[in-house]
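Dear colleague,

Here is the structure for your files. My notes on it follow below.

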Amino acid sequence: MNLRHQTILITGGTSGLGYEFAVQLLALGNTVLLTGRDPGRLAQVQQQLPGVHTFQSDVSDLAAIARLYEQVTAQFPKLSVLINNAGQMRKLDLQADVQLLPDLTLELDVNLAGPMHMVQQFLPHLLRQPAAAILNVTSGLALTPYPLAPVYSASKAGLRAYTKTLRVQLHETKVQVFELVAPAAKTPLSDTFAGDVSEKDLMAPRPLIAQTIKAMQANQWEVYPGMAAMMRLLSRLAPGFLLRQLSKGVRESLARG
Ligand SMILES: NC(=O)c1ccc[n+]([C@@H]2O[C@H](COP(=O)([O-])OP(=O)(O)OC[C@H]3O[C@@H](n4cnc5c(N)ncnc54)[C@H](OP(=O)(O)O)[C@@H]3O)[C@@H](O)[C@H]2O)c1
């Protein structure tokens, strides 16, 4: 995939991996559009990265996706790459958090249904481009679930399955389908797991995204940066061992809150 001089839409681009995608894709001469829900953070990113175009949009809101589509395709008809990056992750105690019932499926709505609706909305446009791509950001936790984050793990496993089916269905088209199986990385999302994940196990966003862009340029459909490669191997060779590792300290962590 050529990742120079493209028009690229990144969901959740105001921090973490999405922000780093914006920085590196801008440096390659692309037109970068990014979304987020918080107008203050969008304005801040607009100042930090004067080349980007920002849009307030929530991937779990169907009407917002339809509005985003109208705005983006009217202003940027050459849009050719969609990066489904926006995501949320919570620690959930399935025994105690009964008060969370109304938003129990939050991560499914944002991390799984969000990318599905984005693809469904933007796919006809992408199919009309001479060359196009979709990148879905999953996680090493799509390979083996993390018991502290049950709904998140389910959302990423679901997104991985969906991405594989999308790739098969679009095989004969000019839309290439990529998956970034991201390892634990140093971003605001992982900050909420600070007591559970050691700082030394967090990959820096810069090399993570640089490796992903390089892999996409080489048409490598699935990208496993850093520890994600090890998780891939272990999830095949010793899935029980990996789950036991990820299960350590779960009760204590849930008790801490
Ligand atoms: N960090 C890790 O350890 C790690 C590991 C594996 C996979 N990932 C995945 O990598 C992706 C990026 O995560 P990150 O670590 O960079 O997280 P982050 O720093 O918290 O950034 C998340 C971004 O998504 C936006 N966002 C959240 N909910 C949204 C929604 N409903 N609609 C639109 N935008 C939304 C946030 O902005 P607003 O809050 O203003 O909307 C923010 O820009 C996620 O899919 C995550 O699951 C992360």
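The protein chain has ten helices and seven strands, taken as DSSP runs (helices H or I, at least four residues; strands E, at least two) numbered from the N terminus. This is a predicted model, in which local features need pLDDT of at least 70 and side-chain atom pairs count only at pLDDT 80 or more, while totals for chains, interfaces and linings use all residues. Residues are numbered from 1 along each chain as its sequence is written, and side-chain values use heavy atoms, with hydrogens and water left out.

Of the 257 residues, 49% count as buried (buried is under 20% relative accessible area, exposed over 50%, partly exposed in between; 1.4 Å probe, protein chains only).

The structure contains twelve salt bridges (a side-chain nitrogen of Lys or Arg within 4 Å of a carboxyl oxygen of Asp or Glu). In one of them, E107 pairs with R90, with 2.8 Å between the closest N and O atoms. E107 lies in helix α4 (residues 106-127) and R90 in the loop between β4 (79-84) and α4, 17 residues apart. E107 is buried because its relative accessibility is 0%; R90, at 15%, also counts as buried.

Another joins E222 to R167 at 3.7 Å between the closest N and O atoms. This pair links strand β7 (residues 222-223) with helix α5 (residues 150-169), 55 residues apart. E222 is buried at 15% relative accessibility, and R167 is buried at 17%.

Regards
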